[in-house]
Amino acid sequence: MAAVSSLERNFVYDPFAVDVMRDPYPYYKVLREKYPLYWIEKYGAWAISRYQDILKILTDPRAHLTTTEGTLMSPSMMRRKNGGIVPPPRLNPLDIFPNMPSPYYEQIRQSAIAPLRPHAVAGLEDFIRARVRQRLEELIARGRFNATVEFGGYVASGTTCRLAGLPLDQAPRLLELVNRSTSRNPEKGGFTDDYQEVSKQLFGLLADLSRSRRKAGADGSNRMVDGLLNLEFEGRRLTDDEVAAELVSIIVGATETLPKVVGAGLLELWRHPDQRAEVLADLKTNARIAFEEMLRYGAPAQWFTRTVVDRPYQLREYTLMPGDRLIIIYASANRDERVFEKADQFIWNRPMEEHLAFGYGMHFCVGVHVARLEGRIMLEELLRRIPAYEVDEPNARRVISDFQLGWMEVPLIVK
Ligand code: HEM
């Protein structure tokens, strides 16, 4: 409590400050309590931290928001003031769909996401379960492994390859490139020094995939890539580089988030042996429920950005002006005491109607069905196979990032 008080006395919130990146939760608590809309002059941005405020602004038709400045702005982008005027959508070369307004947004998104629809995802269950089982046997034989990368990352990157039609032997490379490209500079926030180079490699891998599908006739047998290749967009087809850019945003989401939910969730179950025993009592039913709490409690995507356009918007006593950016802190909303009782505690079966781990409204996560399926299977299989696992907590390592939250390394010991 004392730590929170000293924080409150000199309170400054900057999402890219090292202390915030190390552990943002105490900051989020103060934001929710004292400054639910917190103005950051140097970024021209409001940080919004309460659940109901976020829901309101993301669903109110009077709030005109755009993403043409990006949904994940870096510190250098945020420092550049927009003077109240946001850039128009970039049509050529085409920007990634999360940055596009309607109707372009829907056109591009729909062309790529057939394999992510519920029916298609249900068909992945056997593939994912087999891969999880095979991986567990390898890891159990080692006696110790990193639940985030070696287990969660392995499974997620395999599923990503399957979704995008990449050969499975590319999964380790994909995982490495995605993890490196989404890492943040632990001292300054924003991208790491090798970001450009790593992104180029990831982009190259996906542009090659697009080229090979184009050459093969893009007959629809790879629904994600062929869907993008066959999109008629403003009277033209997308280039391989444009297809690759669209794929990057899907593939990064598919590969980097889920492993951290699984790692953090397994850590919490180990910290609460009574809860672990309850989950184990009926794994088939309970893994699904526990995974939702893992999402609420520890989903890695901290915040996303929007920009106000067209007209001022009144949110309680605050007037948000055109050009103002919004830092929408889903991770704070998921710990909002006004919505979740004992919000800072992990309670595997807490009554919960919904949470914001997958966002809300227009940009709601396209991978939600895959993520839920993978999470449930990973929990079911791991807990069935090694129900008494231990965690080497002193050697667990957090992510230091403005973008992600959670644990990059959760060393599990097989018991
Ligand atoms: C536990 C795992 C996951 C979490 C916690 C998560 C979280 C999120 C969140 C919070 C958003 C909203 C962004 C915003 O408001 O701007 C989002 C969007 C998105 N997610 Fe996920 N995600 C997960 C898994 C996935 C998977 C498996 C995929 C792909 C297969 C994926 C692809 C995307 C994409 C492409 C968007 C952008 C959607 C848009 O702008 O319309 N995510 N995700």
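Two strands pair if DSSP finds at least two bridges between them. Strands are DSSP runs of E with at least two residues, helices are runs of H or I with at least four, and both are numbered from the N terminus. Keep that in mind for the whole talk.

Two ground rules. Residues are numbered from 1 along each chain as its sequence is written. This is a predicted model, where local features need pLDDT of at least 70, side-chain atom pairs count only at pLDDT 80 or more, and totals for chains, interfaces and linings use all residues.

Start with the sheets. Tyrosine 38 stands opposite alanine 47 in strand 2. That pair belongs to strand 1, residues 37-40, and strand 2, residues 45-48, which run antiparallel and are joined by 4 bridges. The two strands form a hairpin with 4 residues between them. Look at glycine 44 in the turn: its phi is positive, about 55 degrees.

Strand 4 pairs with strand 12, residues 411-413, over 3 bridges. In that pairing, asparagine 146 stands opposite proline 411.

Now helix 9 against helix 8. Two packed helices are described by the angle between their axes and the distance between the axes. Helix 8 (residues 125-142) and helix 9 (residues 147-164) pack at about 145 degrees, with axes 10 Å apart. Which residues meet? From helix 8 they include Phe127, Ile128 and Val132, and from helix 9 they include Phe151, Tyr154 and Val155. Contact here needs C-beta atoms, placed from the backbone, within 7 Å. The residues of this contact divide into 7 nonpolar, 2 polar and 4 charged. On those classes: Ala, Val, Leu, Ile, Met, Phe, Trp, Tyr, Cys and Pro count as nonpolar, Asp, Glu, Lys and Arg as charged, and the others, Gly among them, as polar.

Next, threonine 182, in helix 10, residues 171-182. Is threonine 182 buried or exposed? It counts as buried, because it has 24 C-beta neighbours inside 10 Å. The scale is this: buried means 20 or more other C-beta atoms within 10 Å of a residue's own, exposed means 12 or fewer, partly exposed is in between, and C-beta atoms are placed from the backbone. Leaving out residues up to four places away in sequence, threonine 182 touches Val252, Glu256, Phe403 and Gln404. Phenylalanine 403 is 221 residues away in sequence, yet the C-alpha atoms are 8.2 Å apart.

Helix 15, residues 283-298, has buried residues too, among them Ala287, Phe291 and Leu295. The buried residues of helix 15 pack against helix 13, helix 14 (273-281) and helix 17.

On to the ligand. How many residues surround the ligand? There are 24, and the closest are Pro98, Gly253, Gly359, Cys365 and Gly367. A residue counts as near if its C-beta atom, placed from the backbone, lies within 6 Å. Helix 13 gives the largest share of this shell, 7 residues. The shell divides into 16 nonpolar, 7 polar and 1 charged.

Most residues other than glycine have a negative phi, and most peptide bonds are trans. A cis peptide bond joins asparagine 92 and proline 93, with omega about -5 degrees. Serine 102 to proline 103 is also cis, with omega near -5 degrees. Proline 93 sits in the loop between helix 5 (75-79) and helix 6 (104-112), and proline 103 lies in the loop between helix 5 and helix 6 as well.

Alanine 218 has a positive phi of about 40 degrees, though it is not a glycine. Alanine 218 counts as partly exposed because it has 19 C-beta neighbours inside 10 Å. Lysine 342 has a positive phi too, near 45 degrees. Lysine 342 is exposed, with 9 other C-beta atoms within 10 Å.

Technical notes: Axes are lines fitted to C-alpha atoms, for helices over the stretch in contact, and angles run from 0 to 180 degrees between N-to-C directions. Two residues are in contact if their C-beta atoms, placed from the backbone, lie within 7 Å.
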